[in-house]
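Here is a short note for someone opening this structure for the first time. Please read the points with the view beside you.

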Amino acid sequence: MARKTTTSSEVKMRWMREHYKRYQVQLRVDDDADLIAYIDQHKADTGTTELFRRGIEKLKSEGL
């Protein structure tokens with residue numbers, strides 16, 4: 001039997017790079033405290049990605 005040449009984590013990371021676009025957001029603790037608090041309060045039941053997705057969809061629907 002031939003040995004595997006890649007680990008399952010390598011395969012997963014390759015698949016993720018092909019199917020997802022990654023963005024990184026940095027929020028300033030003093031300027032964005034209200035946003036940080038809102039995200040922290042709701043991320044457990046909604047998820048951070050879904051929170052940002054809903055915010056972007058709202059901006060798009062408002063024409064921004």
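Which element gives the largest share of the lining of the largest pocket? That share comes from α3, with 4 residues.

1. Basis. This is a predicted model, where local features need pLDDT of at least 70, side-chain atom pairs count only at pLDDT 80 or more, and totals for chains, interfaces and linings use all residues. Residues are numbered from 1 along each chain as its sequence is written, and side-chain values use heavy atoms, with hydrogens and water left out.

2. Largest pocket. About 700 Å³ of space lies in it. A pocket here is an open set of points on a 1 Å grid over the protein atoms alone, where a 1.4 Å probe fits, with protein on both sides within 12 Å along at least five of seven lines; lining residues have an atom within 4 Å of a point. The volume is the space filled by probe spheres set on the points.

3. Its lining. The largest pocket has 16 lining residues; Lys21, Arg22, Tyr23, Thr49 and Phe52 lie nearest its centre. Two or more residues each come from α1 (8–19), α2 and α3. Helices are DSSP runs (H or I, at least four residues), numbered from the N terminus. By class, the lining has 8 nonpolar, 2 polar and 6 charged residues.

4. Helix pair. Helix α2 (residues 33–42) packs with helix α3 (residues 48–61) at about 125 degrees, and their axes are 9 Å apart. The crossing of α2 and α3 is right-handed. Tyr38, Ile39 and His42 of α2 meet Thr48, Leu51 and Phe52 of α3, where contact means heavy atoms within 4.5 Å. This contact has 4 nonpolar, 2 polar and no charged residues.

5. Second largest pocket. About 160 Å³ of space lies here. Leu27, Leu35, Tyr38, Ile39, Leu51 and Phe52 line the second largest pocket. α2 gives the most, with 3 residues. The lining has 6 nonpolar, no polar and no charged residues.

Conventions. Axes fitted to C-alpha atoms, helices over the stretch in contact; angles between N-to-C directions. Left-handed = near helix turned anticlockwise from the far one by under 90°. Nonpolar A, V, L, I, M, F, W, Y, C, P; charged D, E, K, R; others polar.
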